[in-house]
Amino acid sequence: KLYNQVQDLKGNIRVYCRVRPFLPGQLCSSTVCSIDDGNISIITPSKYSKEAQRTFSFNKVFGPSASQAEVFSDTQPLIRSVLDGYNVCIFAYGQTGSGKTFTMSGPKDLNEQSQGVNYRALSDLFFLSEQRRDMFCYEIAVQMIEIYNEQVRDLLVSDGLNKRLEIRNNSQNRLNVPSANLVPVSSTSDVIELMNIGQKNRAVGATALNDRSSRSHSCLTVHVQGRDMTSGAVLRGCMHLVDLAGSERVDKSEVTGERLKEAQHINKSLSALGDVIAALAQKSSHVPYRNSKLTQLLQDSLGGQAKTLMFVHISPEMDAIGETISTLKFAERVS
Ligand code: ADP
Ligand code: MG
């Protein structure tokens, strides 16, 4: 196994923190005091803590000036292990506006440099599978789905957006959502085309007032099958690249109806995810996968031999400090 070095004492779970830079036109002082390798210190107003500052430790912390390429280079070994038959899950967690979509997909005005983890991961898989062409024959295919209000939808369709899909674990063909489109890909231009379709379909569900994409989880799943040219043995690996719904708490006194229902679903599924990862990190004998669609979907890629990476995102503004602290606490619990 060539790329099986991605392990540390905690096993197969890693947590990286990324701090978004201030956006153009924002003039403020940051809540982040210092970043030093895996440690981040933030200012904590007296409302949140007796101390003026608190330090959190992760596998790595990326400051506001970290480039997409830098962030990806630390992720690369994990992605490469998919070719060796490992299952991998990469999550982007954080409040709305903290940079989840930027990390996974990139900004709206995309170019080669600003491409996120999704595109880089696939282009790396293409590159490596080409390099190993004499030994292995690889087939790569993707699915893209969305979980909204605990309902699963296919994002790679040209119509019929409202069809609800079932999750089936341990299915024969190893697809957890067998009825979602599975599209073979062989080049980065295939990937760009599919991501555009997925993006468009996410937007279709958005109402005029609210950006729905921040209230659903989207998951790009990459299925890799490699046949050993000499022995004929087949290796299968899969990778889930997940842009989670915004983790912000909504004030129950201020929202009602549809918005409250959404918030409750998000809350429930993010807690279920936290519970699963925390159980795995603590090597607990019971891992509560059944509590949400998200954890059911990812079950075979969380725990066991699978490798998990959580990017937790924080916004640097003082306004966001409450959410920043709760994000860092969530991350601390799962790391
Ligand atoms: P989220 O998906 O968490 O709601 P976004 O990824 O949409 O957040 O980021 C919010 C805004 O901040 C976007 O305009 C995005 O382009 C910008 N942004 C986020 N992270 C970065 C970064 N690391 N560098 C530059 N701009 C960023
Ligand atoms: Mg987003």
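Trainee: How many nonpolar, polar and charged residues does the shell around ligand 1 have?
Mentor: Keep in mind that we are looking at a predicted model. By class, four residues of the shell around ligand 1 are nonpolar, eight are polar and two are charged.

Trainee: Which residues are the closest to ligand 1?
Mentor: Of the 14 residues that surround ligand 1, the closest are G99, K100, T101, F102 and P107. Helix 3 (residues 100-104) gives the largest share of this shell, three residues.

Trainee: Let us turn to the whole chain. How do you know whether the radius of gyration of the protein chain agrees with that of a compact globule?
Mentor: We set the value against the globule rule, 2.2 Å times the number of residues to the power 0.38. For 335 residues a compact globule would come out near 20 Å, and the protein chain has 20 Å, so the value agrees. Along the principal axes, the C-alpha atoms fill a box of roughly 65 × 45 × 45 Å. The protein chain holds eight helices and 12 strands, and buried residues make up 40% of its 335 residues.

Trainee: Why is E150 called partly exposed?
Mentor: A buried residue needs 20 or more other C-beta atoms within 10 Å, and an exposed one has 12 or fewer. E150 has 15, so it counts as partly exposed.

Trainee: And what makes K283 exposed?
Mentor: K283 has 10 C-beta neighbours inside 10 Å, and the cut-off for exposed is 12 or fewer. K283 therefore counts as exposed. This residue is found in the loop between helix 6 (257-281) and helix 7 (293-298).

Trainee: What about strand 7 with strand 9 (residues 183-184)?
Mentor: There the count is two bridges, again antiparallel, and two is what the cut-off asks for. The bridge partner of A141 in strand 10 is H223, and strand 7 pairs with strand 10 (residues 217-228) over 12 bridges.

Trainee: Why are strand 2 (32-36) and strand 4 (53-57) said to stand at the edges?
Mentor: Three strands form an open, antiparallel sheet in the order 2-3-4. Strand 2 and strand 4 each have a single partner strand, so one side of each is left without a neighbour in the sheet. Neighbouring strands here are turned by 15° against each other on average, direction ignored.

Trainee: Finally, where do helix 6 and helix 8 (residues 321-334) stand to each other?
Mentor: Their axes come within 8 Å and cross at roughly 40°. G274, I277, A278 and A281 of helix 6 meet F330, R333 and V334 of helix 8. By class, the contact has five nonpolar residues, one polar and one charged.

Conventions
Residues are numbered from 1 along each chain as its sequence is written. Chains are lettered from A and ligands numbered from 1 in the order in which they are written. This is a predicted model: local features need pLDDT of at least 70, side-chain atom pairs count only at pLDDT 80 or more; totals for chains, interfaces and linings use all residues. Helices (H or I, at least four residues) and strands (E, at least two) are DSSP runs, numbered from the N terminus. A residue is near a molecule or strand if its C-beta atom, placed from the backbone, lies within 6 Å of it. Ala, Val, Leu, Ile, Met, Phe, Trp, Tyr, Cys and Pro count as nonpolar, Asp, Glu, Lys and Arg as charged, and the others, Gly among them, as polar. Axes are lines fitted to C-alpha atoms, for helices over the stretch in contact, and angles run from 0 to 180 degrees between N-to-C directions. Two residues are in contact if their C-beta atoms, placed from the backbone, lie within 7 Å.
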